[in-house]
Amino acid sequence: MKNALVLFGGVSSEHDVSTVSASYVLDNIPTEKYNVIKIGITKDGRWFKYDGEISNLPEDKWVKDTDNLTKAVISPDRNDHGIIVFGKDKVETIRIDVCFPVLHGKNGEDGTIQGFLQVAGIPFVGCDMISSACCMDKVMTNTLADAAGIAQAKWIGLNEYNYRKNPQMYIDKAADYLGFPIFVKPANAGSSVGVSKAKDKDALVKAIDIAFAEDNKLVLEEGITGMEVECAVLGNEEPIASICGEIEPANDFYDYEAKYVNPASLLHIPARLDDAKMNEVREAAKNAYIALGCTGLARVDFFVRESDGKVMLNEPNTIPGFTSISMYPKMFAASGVPYSELIDRLFTYALEKWDK
């Protein structure tokens, strides 16, 4: 039986989503194949091996369960190939065969933990350090997509230092090149944190300030009128794409509140597309996945433009949500891969890629 480490929490604006995702992942790991070890990372960056109930992960109830917390870290020493646990009476090293970093957003989805696991020589679920970093950073994603000839909205990258020197110039440039509405997105924040839709120049100024509170680099994108469609991709050299899902947001667009708070957002699986367009999106998802260097898993999001049906990349997500309402596991379940089998496949792909 292999030791499988699940990392959850993290120093990120998506900490709370991570704990919910991890609870569903843990509930669906096939325990006849894997001995599961849990390490939680608090919002202020403390690491603990957690031996309590999975149900305590949401709302950070696990942090208060002090009887089941033991300080622990991943060892960077490849000879350890695992974690170091600092118990009351002894220090113990536990070998880890495979790790699932269920860490959304910064310090989890951006290549930082992936690079650390690569240094430690521990196989892990998902994309490698370079691909994770490029997919997390929307400026890098858009640049690579342009280079690969992948259709997407017109966009402008914005650096806070340069913008503050002459904000009016950038506001005018964005208005002239992109038109309104304009979507303003932090380059390195997930789950639509800090994202706004600006309908005029005054709103654009406010949206940019909101986004700069999350990151010092932004992407400004032209508004696309059309259907928001997502596709789950799984695998390494020969990835497979799921049935597509469609988002019908409760709000003006699919922001954080529409994703996780407002129950009026609707998810359609399968998406309301004809077979030809569905297959076009699935092929586009695999093409983007390969072009961006993804392995293991990613959810790839698109717009299907209303005016001409053009399939346009929105963004990839290399550690998508795994909650009860998350599209990634739902789309694969609809494609004939139930949750537990999906987790097992993810571990298998991780071992195939890294355990060499």
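In this predicted model, Ala-72 stands opposite Val-85 of strand β5, and this pair belongs to a region where β4 and β5 run side by side in the antiparallel sense, joined over three bridges. Strands of a sheet pair through backbone hydrogen bonds, in either a parallel or an antiparallel manner.

Both strands are part of an open, seven-stranded sheet with mixed pairing, whose order is β6-β5-β4-β3-β2-β1-β7. Because β6 and β7 stand at the edges with a single partner strand each, one side of each is left without a neighbour in the sheet. On average, neighbouring strands of this sheet are turned by 30° against each other, direction ignored. Helix α12 packs on the sheet, where it touches β1, β2 and β7, and its direction makes about 120° with that of β7.

The residue ranges of some of these elements are as follows.

| Element | Residues |
|---|---|
| β4 | 69-74 |
| β5 | 82-86 |
| β6 | 91-95 |
| β7 | 98-102 |
| α12 | 339-354 |

The second largest pocket holds about 200 Å³ of space, and its lining includes Val-85 together with Leu-69, Thr-70, Lys-88 and Glu-92. By class, the lining residues divide into two nonpolar, four polar and five charged.

Elsewhere, the axes of helix α4 (residues 129-136) and helix α5 (residues 138-147) come within 5 Å and cross at roughly 100°, and the two helices are therefore roughly perpendicular to each other. Their contact is made by Cys-134, Cys-135 and Met-136 of α4 with Lys-138, Met-140, Thr-141 and Leu-144 of α5, a set comprising five nonpolar, one polar and one charged residues.

How values were computed. Residues are numbered from 1 along each chain as its sequence is written. This is a predicted model: local features need pLDDT of at least 70, side-chain atom pairs count only at pLDDT 80 or more; totals for chains, interfaces and linings use all residues. Side-chain values use heavy atoms; hydrogens and water are left out. On a 1 Å grid over the protein atoms alone, a cavity is a set of points where a 1.4 Å probe fits but cannot get out, and a pocket is an open set with protein on both sides within 12 Å along at least five of seven lines; lining residues have an atom within 4 Å of a point. Grid points are joined across faces, edges and corners, and a volume is the space filled by probe spheres set on the points. Ala, Val, Leu, Ile, Met, Phe, Trp, Tyr, Cys and Pro count as nonpolar, Asp, Glu, Lys and Arg as charged, and the others, Gly among them, as polar. Two strands pair if DSSP finds at least two bridges between them. Helices (H or I, at least four residues) and strands (E, at least two) are DSSP runs, numbered from the N terminus. Axes are lines fitted to C-alpha atoms, for helices over the stretch in contact, and angles run from 0 to 180 degrees between N-to-C directions. Contact means heavy atoms within 4.5 Å. Angles under 35 degrees count as roughly parallel, over 145 as roughly antiparallel, 65 to 115 as roughly perpendicular and the rest as oblique.
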